Amino acid sequence: MKEQELLRQMANLPKEIAPDHDVWPRVLSRIEGTGRVAPGSSPMRPWRPVAIAAGVLVAFAVGLLLGPKWLATPTGGVEMPQLAEQEQVPDQYTPSLSALLAATELEYQAAFREFMAVGDSRDSLAPLTVEKIMMSWEEMKQSETRLTDALMENPGNDFLNTRMMELRSRQLQFLQQIAALDHDSRRISI
Amino acid sequence: MASWKADASYHDEDSDLVDSAREGDCIAFEKLYRRHRDRIYALLWRLSGGDSALAEDLLQESFVRAWQKLGSFRGESKFGTWLHRLSANVGLSDRRTRLRRVEHERDMTDATDRTATGARDVVAGKRMDLEQAISKLPERARTVLVLYDIEGYSHAEIAETTGMAIGSSKAQLHRARKLIRENLDS
C-alpha cells in the first residue's frame with residue numbers, strides 16, 4: 001500500500017465513536033455536590049475511620065512487598081487494630097454514609113485476616129507483577145496525597161469526602177487482590 | 001487537517017453552556033458532555049488500543065477533570081479543543097494505558113466488531129483492518145499516529161502533550177505508517 005492510500009484511509013476513519021455505555025451517571029455521581037458546601041457546615045470527615053484502618057493495611061502491604069516479612073507481635077501473631085472502639089461514626093453522619101462506613105470497615109477486617117494468611121509473597125511473584133503492583137500503589141498514594149491536601153482545606157466538601165471513600169475502597173480491593181496472589185497456598189477462607 | 005492551536009477569545013455554541021457549567025450547572029455540563037462525548041471517546045478508544053472498558057473509564061475521568069478545571073478555562077481556545085487536549089492528557093497519563101505498553105495485550109475481537117456507529121457493514125471491513133493495524137502498533141508510534149494523522153495535532157503539539165522531542169515524534173510517525181502498511185500488505 002502506498003502512503004497516500006494509507007493517509008486517505010486514515011482520513012476516512014470516523015472522528016466520533018459512541019461508547020457502549022453512557023458514563024454520564026458515573027460522571028454526575030462524581031461531580032455532584034462539588035462547590036456546594038454551605039458556609040459554616042460542620043467539618044465532618046467520614047473517611048477518617050477508614051483512612052486509619054486502611055493506613056494500617058497499607059503499612060502491612062508495603063511490608064509484604066518491600067520490606068520485613070510481617071508486622072508481627074513478639075509471639076509471632078498479628079495485632080489486630082482496635083478501630084471500631086476508637087473511631088465511632090458520629091451521629092451527624094447520614095444513614096447511607098454510616099452504612100457505607102460500616103461496610104468498608106467490615107471489608108477492611110476481612111482483608112486484614114486475609115493478609116494474616118498470606119505471608120511474604122514478593123519473592124514468589126513475577127517481576128512484572130511486582131512492577132504493576134507498585135505502579136498501582138504509587139498511583140493511589142498520589143491520589144491520597146492530593147485528596148488529603150484538598151480535605152485539609154475543605155474538610156466538609158462532600159465531593160472530596162466521597163472521593164476519599166472511593167479511594168479507600170480501592171485500596172482495600174487492592175490489598176485483597178494482593179492477598180489473592182499467594183502462591184504458597186497459605187491463603188485462608190474468610 | 002484541523003489544527004488544535006488556540007485562537008484568541010472564542011465564543012461559540014458551547015460558550016453559554018460553559019459559563020453555566022462553570023457556575024455549577026450540571027445540566028449545562030451534561031449538554032456539553034452529550035455534544036463532545038463521541039469525539040472524545042474515539043480519541044481515548046484509539047489511544048487505549050481499542051480497549052472499550054478502559055476508554056470508558058478514561059472518558060469518565062476526562063469529563064470529571066474537565067468539570068474540576070472549568071475555572072481555569074479562559075476561552076482562549078474553543079471548549080472542544082481544550083477538552084480534547086485535556087482528554088488526551090488523561091489518556092496518555094493513565095496508569096493502565098502505560099501498563100498496556102508493557103504487556104501489549106489486546107482483545108481484538110472487540111476492536112474488530114466496532115465501527116463509528118456500532119453497525120457492521122462491508123465498508124467497515126477495511127476500516128476495521130486499519131483500526132486493528134493501528135491498535136497493534138507499539139504504544140509511542142500509535143500515540144503519534146493517532147494524534148497526528150487522525151486528530152490533526154502538529155508535531156510540536158504532540159511533543160508538548162507527550163513530552164517527547166519533535167524529532168522523535170516525526171520518527172515515530174514514519175515508523176507507525178511503515179508498520180501499518182506492512183501489516184495491511186501482509
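**Notebook: chains A and B**

I read chain A from the N terminus, and its elements run α-α-α-α-α-α-α. That is seven helices and zero strands. I note here that the model is predicted.

**Chain A, burial and contacts.** I looked up how much of chain A is buried. Of its 190 residues, 21% count as buried. Next I took the contacts in chain A between residues at least 6 apart in sequence. Of these, 83% join residues at least 24 apart.

**Where the chains meet.** I then turned to the interface. On the chain B side, 33 residues are in contact with 30 residues of chain A. I asked which elements of chain B give two or more residues to this side. They are α2, α3, α5 (95-103), α7, α8 and α10. I also sorted the chain B residues of this side by type. I got 17 nonpolar, five polar and eleven charged.

**The largest core.** I went on to the largest nonpolar core, which has 43 residues. The members that touch the most others are B:Y41, B:L44, B:L59 and B:L145. I checked which elements supply at least two residues each. From chain A there is α2 (24-31). From chain B there are α1 (15-22), α2 (26-47), α3 (52-69), α4 (79-93), α7 (122-135), α8 (139-150) and α10 (166-185). The largest share comes from α2(B), with ten residues.

B:L145 is then in contact with B:I134, B:L137, B:L173, B:A176 and B:R177.

I also found a second, separate core of five residues. Among them are A:L151, A:F159, A:M164 and A:L167.

**α2(B) against α3(B).** How do these two helices pack, and at what angle? I read an angle of about 135°, with the axes 9 Å apart. Angles over 145 degrees would count as roughly antiparallel, so α2(B) and α3(B) are oblique to each other. The crossing of α2(B) past α3(B) is right-handed.

I listed the residues that make the contact. α2(B) brings B:F29, B:Y33, B:R37, B:I40, B:Y41, B:L44 and B:W45. α3(B) brings B:S52, B:A55, B:L58, B:L59, B:S62, B:F63 and B:W67. By type I have eleven nonpolar, two polar and one charged.

Conventions. Residues numbered from 1 in each chain as written. Chains lettered and ligands numbered in written order. Predicted model: local features only at pLDDT ≥ 70, side-chain atom pairs only at ≥ 80, totals over all residues. Core = buried A, V, L, I, M, F, W, Y, C linked by C-beta atoms within 7 Å. Buried ≥ 20, exposed ≤ 12 C-beta atoms within 10 Å, placed from the backbone. Helix = DSSP H or I, 4+ residues; strand = E, 2+ residues; numbered from the N terminus. Contact = placed C-beta atoms within 7 Å. Nonpolar A, V, L, I, M, F, W, Y, C, P; charged D, E, K, R; others polar. Axes fitted to C-alpha atoms, helices over the stretch in contact; angles between N-to-C directions. Parallel < 35°, antiparallel > 145°, perpendicular 65-115°, else oblique. Left-handed = near helix turned anticlockwise from the far one by under 90°. Lists of a residue's contacts leave out its neighbours within four places in sequence.
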